[in-house]
Amino acid sequence: MALTLYVDTARWRAHHKHVQEQFPGLVPVCKGNGYGFGHERLAEEATRLGSDVLAVGTTYEAARIKDFFGGDLLVLTPYRRGEEPVPLPDRVVRSVSSIDGVYGLVGARVVIEVMSSMKRHGIAEQDLPQLHAAIENVRLEGFAIHLPLDRTDGSDAVEEVIGWMDRLRAARLPLHTMFVSHLKADELARLQQQFPQTRFRARIGTRLWLGDHDATEYRGAVLDVTRVAKGERFGYRQQKAASDGFLVVVAGGTSHGVGLEAPKALHGVMPRAKGVARAGLATVNRNLSPFVWSGKQRWFAEPPHMQVSILFVPSDAAEPSVGDELVAHLRHTTTQFDRILDR
């Protein structure tokens, strides 16, 4: 009995091809938990796509994935002096976001990140004159810019990239390759048309692997079902059942990422009101689970355990049976499945 990720493989791969056609020179991204699929699986899919470069998050991920992908590996986390050395092959390319970082990677293959409106990390405009000397001792693979997802000020992503292209060109720095993130296909085409001598390569993870929501589905198997009456105590904390119903033990607990949720940026009155309502219910131990039964998301009977969750299903709903599978609305990037099944 397991928490299973089901993949409609033909549909999933058709989506990959569609994205690849929209973004010529695409660089697939495989970082974190491999977007819910695992590093080995995504390395296999990147190879199937014919990718020559695979982007990973850290040097540790590069060390794990190097045996599963034969092309270049681009490490997205910028190099910092003093970091723990990790043995890596020459086909690993390091990102750098400071002059000091460039000087610390003598002889290495590097991509230099510039500071975008994200303001996370990157070379600043005033540092560009110092880059001429710094890049003499590295093998420069190109520059990169990581853009924000939302532009609430109405600014144009393409104009931001053009601004940096103009600054790099004015500083007489080589512009043969620019790696970009979070651009639309038409935006990338506009840039390629305006700068035909530069190869723009989109680094894409979420849109590539998770862009077709109907191609994948998590399901948790029912392990046990116990009938309870109103007022009966149950669980670790011996709470009382609020009404007659069923305690349903389903595969999927905290070790799988069930019950974990990344903070959300809320925009507008209704999303904020719903957030306040959820917080209020949580203070009285009412937390909605990601598991669906009889067309409704069911409440946790108590906080999820390490490998299972206990749900409360009221008596007016159909009684689940051991072996049934409940669809689970889980975030791929925070979920660890027991098994993956292609169908």
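M178 has F200 of strand 9 as its bridge partner. That bridge belongs to a set of four joining strand 8 (residues 177-181) to strand 9 (residues 199-204), and these two strands run parallel. Helices (H or I, at least four residues) and strands (E, at least two) are DSSP runs, counted from the N terminus; strands pair if DSSP finds at least two bridges between them.

The model is predicted, so local features need pLDDT of at least 70 and side-chain atom pairs pLDDT 80 or more, while totals for chains, interfaces and linings use all residues. Numbering starts from 1 along each chain as its sequence is written, and side-chain values use heavy atoms, leaving out hydrogens and water.

Eight strands make it up, in the order 2-9-8-7-6-5-4-3, with parallel pairing. At its edges sit strand 2 (27-28) and strand 3 (53-56), each pairing on one side only.

What lies across strand 7 of this sheet? Helix 6 (residues 157-170) does, and it also lies across strand 6 (109-114), strand 8 and strand 9. Helix 6 runs at about 145 degrees to strand 7 (139-146). Angles are taken between N-to-C directions, from 0 to 180 degrees, with axes fitted to C-alpha atoms, for helices over the stretch in contact. Helix 7 (residues 185-194) packs on the sheet too, touching strand 8 and strand 9 (contact: heavy atoms within 4.5 Å). The direction of helix 7 makes about 160 degrees with that of strand 9.

| Partner of strand 10 | Bridges | Example pair |
|---|---|---|
| Strand 1 (residues 3-7) | five | V7 and T216 |
| Strand 13 (residues 245-251) | six | D224 and V249 |
| Strand 17 (residues 325-328) | four | A221 and E325 |

The axes of helix 1 (residues 9-22) and helix 2 (residues 39-48) come within 11 Å and cross at roughly 60 degrees. Helix 1 brings T9, W12, R13 and H16 to the contact, and helix 2 brings R41, L42, E44, E45 and R48.

Which side chains here meet in a salt bridge? R13 and E44 do, at 3.9 Å from N to O. A salt bridge is a side-chain nitrogen of Lys or Arg within 4 Å of a carboxyl oxygen of Asp or Glu. R13 sits in helix 1 and E44 in helix 2, 31 residues apart, so this pair links distant parts of the chain. The whole structure holds 24 salt bridges.
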